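Me: I would like to learn how to read a protein structure, one feature at a time. Where do we start?

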Amino acid sequence: MRQVRRGPAAPPGGQGYGGVPQQPSYVDGQGYGGYDGGRDDGYDSGYNTGQVYGGGGGGGGGTGGPRPAPNWRRRIKVTAITVVTVLVVTSVATYFWADSKLNREVDLSKVIDRPEAGEGTNYLIVGSDSRAGMTAAQKKQLHTGSAEGKRTDSMMILHTGSNGPTLISLPRDSNVTIPSYKGSESGKLYPATGRQVKLNAAYAEDGPELLVRTVEANTGLRIDNYVEIGFAGFANIVDAVGGVELDIPQDIKDSKSGADFKKGTQTLNGEEALAFVRTRYALAGSDLDRTKNQQKFLSALANQVATPGTVMNPFKLYPTMGAGLDSLIVDKDTGLFDLASMFWAMKGVSGGQGTSLNMPISGNTGNGNLQWDTAKVKQLVQQLKNDEKVTVTGK
């Protein structure tokens, strides 16, 4: 057994030889290094604590002591804070990036004599035949032609409220009366003359502001947000999400739009999707059937965009947002949250939580335009204004 033998007493002053404190020597019971292993009067019956060498006790401060257990609660907290911080910074950066891409070119403050606002929110969604930014090769590939300017190729009212979304197609051949209006560029007031035209003529005459004015004057429904997209942007969005799966209701072949489809479920790329929504002459019902197909496809597109596979995947989300935002034209008061609400509402229509219909039609006018059913339109608008469940039907 190891014992501690105290050395000679230190001289006065407490110092050992040469001013160094005298340390105890260690011997075992059999003698070691020439020292007598016997017990003497200086034997210390206590165990050495290690403090002579400054080694410390069992607190883990010296070599060979146990390591402290990792503080997992603190590590989890730090990791969570880091992840949340990264998400917040990324979200804020994405918001400002996306907001800067919006083309806020439409000024609804120029629209005069507007109806009173009702419950819920009303979007006027317009697909234009704008070829802006398209190359000659793209125009040929997408079968758009090279017409100057732009016209409305499709128009829809999307109402969102407490009774689910309602999507109403406005056939471009609808017979409407051009009301009094203020020129979007000149600011000049043009009085009403009772002139009746096709609905898409309003856009061709003085752009989005007159189209909104005409829709409001002929329906009595106030438009809260205006959203427009051109040919190229539409095709780019479809390609960015990897195509859209759609059930084609019948065989379609239309040389003017470039559509060539067999009946059945298939995935359409951007070029095919544009051909499908523009198809008119291959359908028996002409403009009314075309608007039904447009509703069906836009709902399917919204359903594809608003999925975790797109929203949670930056490699899909950013190209999709970039393709859409670059080509969208909105009014000055429409923001990203308005657009998000619009897409979610259209997803709801596709998922069966909403209603879709054409504006009720009573027949044709003498010049071939589609005449709205006045009584049904009045009832429909009243239900939308009151944010009631829509019971009106249209072809």
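Reply: We start with S154, which is buried, with a relative accessible area of 14%. The cut-off makes the label simple: a residue under 20% counts as buried, so S154 falls in that class. Keep in mind that this is a predicted model.

Me: Where is S154, and which residues does S154 touch?

Reply: S154 lies in strand β5, residues 152-160. Leaving out residues up to four places away in sequence, S154 touches I125, V126, G127 and Q294.

Me: How many residues of helix α4 are buried?

Reply: First the general idea. An α-helix has 3.6 residues a turn, so residues three or four places apart point the same way. Now the case here: α4 covers residues 231-240, and eight of its 10 residues are buried, so the helix is largely enclosed by the rest of the structure. The buried residues are F231, A232, G233, F234, A235, I237, V238 and A240.

Me: What follows α4?

Reply: G242 follows α4, and its phi is positive, near 85°.

Me: Next, salt bridges. How many does a search of the whole structure find?

Reply: The search finds five salt bridges. For a pair to count, a side-chain nitrogen of Lys or Arg must be within 4 Å of a carboxyl oxygen of Asp or Glu. One of the pairs is D173 with K198, where the closest N and O atoms are 3.7 Å apart. This pair links distant parts of the chain: D173 is in the loop between β6 and β7, K198 is in strand β10, and 25 residues separate them.

Me: Which other pairs can I look at?

Reply: Take E205 and R195, whose side chains meet in a salt bridge at 2.9 Å, N to O. This pair, too, links distant parts of the chain, with E205 in helix α3 (residues 199-219) and R195 in the loop between β9 and β10, 10 residues apart. E205 is partly exposed, with a relative accessible area of 35%. R195 also counts as partly exposed, at 35%. Another salt bridge joins K253 and D260, with the closest N and O atoms 3.3 Å apart. Both K253 and D260 are exposed.

Me: What is the volume of the largest pocket, and which residues are closest to its centre?

Reply: The largest pocket has a volume of about 1,300 Å³. It is lined by 49 residues, and the closest to its centre are V305, M321, L339, A340 and F343. Helix α9, residues 336-350, gives the largest share of the lining, eight residues. The lining of the largest pocket divides into 34 nonpolar, 12 polar and three charged residues.

Terms used. Residues numbered from 1 in each chain as written. Predicted model: local features only at pLDDT ≥ 70, side-chain atom pairs only at ≥ 80, totals over all residues. Heavy atoms only, no water. Buried < 20%, exposed > 50% of the residue type's maximum accessible area, 1.4 Å probe, protein only. Helix = DSSP H or I, 4+ residues; strand = E, 2+ residues; numbered from the N terminus. Contact = heavy atoms within 4.5 Å. 1 Å grid on protein atoms, 1.4 Å probe; cavity = no way out; pocket = protein on both sides within 12 Å on 5 of 7 lines; lining within 4 Å. Points joined across faces, edges and corners; volume = space filled by probe spheres on them. Nonpolar A, V, L, I, M, F, W, Y, C, P; charged D, E, K, R; others polar.
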